[in-house]
Amino acid sequence: MNVDNWLIYKEFRFEAAHRLPNHDGKCRRLHGHSWVGRIYVQSDRLIQEGAKQGMVIDFGDIQKYLEPLLAKFLDHYYLNETTGLENPTSEAIAQWIFNKLEVAGLPGLQGVEIQETCTSGARYTKAT
Ligand SMILES: [Zn+2]
């Protein structure tokens, strides 16, 4: 029985605006955050040979899946517009990024975490 399990993460940052149209407080107004995200990748084995020996996945390879999302939808954008989310909470954005990475085929994708302030964030994982 293989009892090994690794969960690695790649952190990324982007600046973007959003508004929560249903909110009863200041989040209803258009405002921006310096968002911090983490992509979690899980595996019960490590790559056995070659340049990536001993890794779950090369952190740089996770970055390759992320770059197009940052360039086309996330960094310096108005998230309500670019994600198509009517109410882009941290919860919703984490799920949106997860789904995009899943469609792109990131192997071992386990979860996506999105932090909108130093003290507040959300993590999305898909129940299997
Ligand atoms: Zn906000």
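A residue is called buried here if 20 or more other C-beta atoms lie within 10 Å of its own, exposed if 12 or fewer do, and partly exposed in between, with C-beta atoms placed from the backbone. By that count, 22% of the 128 residues of the chain are buried. The model is a predicted one: local features need pLDDT of at least 70, side-chain atom pairs count only at pLDDT 80 or more, and totals for chains, interfaces and linings use all residues. Residues are numbered from 1 along each chain as its sequence is written.

**Whole chain.** Start with the C-alpha trace. Taken along the principal axes, the C-alpha atoms fill a box of roughly 50 × 30 × 25 Å. Colour by secondary structure to see 3 helices and 5 strands; helices (H or I, at least four residues) and strands (E, at least two) are DSSP runs, numbered from the N terminus. Their order from the N terminus on is β-β-α-β-α-α-β-β. For contacts (C-beta atoms, placed from the backbone, within 7 Å), consider pairs at least 6 apart in sequence: 60% of these join residues at least 24 apart.

Select residues 6-18 and 31-43, which are β1 and β2. These two strands run antiparallel and are joined by 13 bridges; strands count as paired when DSSP finds at least two bridges between them. Within this pair, K10 stands opposite I39 of β2. The strands β1 and β3 run parallel, with 2 bridges between them. Here A17 is opposite Y78 of β3.

H76 is not a glycine, yet its phi is positive, about 60°. Is H76 buried or exposed? H76 is exposed, with 11 other C-beta atoms within 10 Å.

**Helix α3.** Next select residues 90-104, the 15 residues of α3. From first C-alpha to last, α3 reaches 21 Å, close to the 21 Å expected at 1.5 Å a residue; the expected span is 1.5 Å times one less than the number of residues. Show side chains for S90, I93, A94, W96, I97 and F98, the buried residues of α3. Which elements do the buried residues of α3 pack against? They pack against β2, α1, α2 (79-82), β4 (109-115) and β5 (121-125). Finish at G105, which follows α3 and has a positive phi, near 90°.

Technical notes: Contact = placed C-beta atoms within 7 Å.
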